[in-house]
Each structure stands twice: as structure tokens, then as C-alpha cells.
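Here is my note on this model, point by point. Please keep the structure open while reading.

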Amino acid sequence: MILYNVTINIDQSVHDQWLHWMQSKHISDVLATGKFTSARMVKVLVEEEGSTTYSIQYTAENKEKLESYYREDAPRLRQEGLALFADKMLSFRTELQVISEHFPKSALQ
């Protein structure tokens, strides 16, 4: 399993508009590509003046699905965000491979 993590720092001046767009459109559009099985949006808990940072974690079954997303879908989907938020949004991407997952024993019963 591969996690495709997109960390985004968004300026307060467009925060509410960006958050609405992410939750109502963009994440759904990325999932609609069929390359990911799920997505999770989390807020990075760090004090920042004038901006907020989020991490969106998309789960792909394998590296091939992620590579397919890069080739077939990413340019178009990234362009939309750039067109809407330009220099008010700074992002970077990280690929993570899940080695194992662990849960408390009580969660398994």
C-alpha cells in the first residue's frame, strides 16, 4: 500500500474558500480517477501566523496506480488549484510505503 501525501500551506486570506473547494470538489475529483481507495485530510498542528497547513493522504493499492495518476490525472488536477489559489498556496508531495499497521488488541475483538 502506498500513501500519497500532499502537504499544503494555505494563506488565511483564501483559507475558507480553499477548504470548501478541497472538501467539496478536489478530493472527490482525485478519488474519481479510480487510482486511490481512500483519502484523509488532517490539519497540521503547528502555530503559524497568517496561514494554516494541512496534509491530504491518498491511499493507493500500489506504486503503479500512483504512477498512473501522475501520468493521466495529476497535471489537470494540480492546474485547477493553481488557477484558483496561485501564490496563496504552497504544497509539497511525499510518497510513503506502508510496511505494517498495528492496532490495540481490544480493537481486534
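1. Start with a charged pair. Asp-73 and Arg-76 form a salt bridge, with 3.4 Å between the closest N and O atoms. This is a predicted model. The two partners sit in contrasting surroundings. Asp-73 has a relative accessible area of 8%, so Asp-73 is buried. Arg-76 has a relative accessible area of 52%, so Arg-76 is exposed. The pair belongs to a network: salt bridges with shared partners join Lys-35, Glu-72, Asp-73 and Arg-76.

2. Other salt bridges lie within helices. The total count is seven. One of them links Glu-67 and Lys-63, whose closest N and O atoms are 3.4 Å apart. Both residues belong to helix α2, and four residues, about one turn of the helix, separate them. Glu-67 is partly exposed, because its relative accessible area is 29%. Lys-63 also counts as partly exposed, at 34% relative accessibility.

3. Asp-29 counts as partly exposed at 23% relative accessibility. Lys-25 is partly exposed as well, with a relative accessible area of 33%.

4. Which residues of helix α2 are buried? In this helix, residues 63–72, they are Leu-66, Ser-68 and Tyr-69. Down the axis of α2, the buried residues fall within an arc of 155 degrees, so they line one face of the helix. Glu-64 and Arg-71 are exposed on the other side of α2.

5. Check what the buried residues of α2 pack against. Their partners are the strands β1 (2–11), β3 (51–60) and β4 (89–97), together with the helices α1 (15–31) and α3 (74–85). The start of α2 also deserves a look. There, a side-chain oxygen of Asn-62 comes within 3.2 Å of the backbone nitrogen of Glu-64.

6. The whole structure holds nine aromatic pairs. Phe-36 counts as buried because its relative accessibility is 7%. For Tyr-69 the value is 3%, so Tyr-69 counts as buried.

7. The aromatic grouping goes beyond that pair. One cluster is formed by Tyr-4, Phe-36, Tyr-58, Tyr-69 and Tyr-70.

8. Now turn to strand β1. Seven of its ten residues are buried, so the strand is mostly covered. How do β1 and β3 pair, and over how many bridges? They are antiparallel, with ten bridges. Within that pairing, Val-6 stands opposite Ile-56 of β3. β1 also pairs with β4 in the antiparallel sense, over nine bridges. Here Asn-5 is opposite Thr-94 of β4. As background, side chains in a regular strand alternate between the two faces of the sheet.

Technical notes: Residues are numbered from 1 along each chain as its sequence is written. This is a predicted model: local features need pLDDT of at least 70, side-chain atom pairs count only at pLDDT 80 or more; totals for chains, interfaces and linings use all residues. Side-chain values use heavy atoms; hydrogens and water are left out. Buried means under 20% relative accessible area, exposed over 50%, partly exposed in between (1.4 Å probe, protein chains only). Helices (H or I, at least four residues) and strands (E, at least two) are DSSP runs, numbered from the N terminus. The arc is that of the directions from the helix axis to the C-beta atoms. Contact means heavy atoms within 4.5 Å. A polar contact is a pair of N or O atoms within 3.5 Å; within protein, one must be able to donate a hydrogen and the other to accept it, and residues adjacent in sequence count only if both atoms are side-chain atoms. Two strands pair if DSSP finds at least two bridges between them. Rings of Phe, Tyr and Trp (its six-membered ring) pair if their centres lie within 6.5 Å; planes under 30 degrees apart count as stacked, over 60 as edge-to-face and the rest as tilted. A salt bridge is a side-chain nitrogen of Lys or Arg within 4 Å of a carboxyl oxygen of Asp or Glu.
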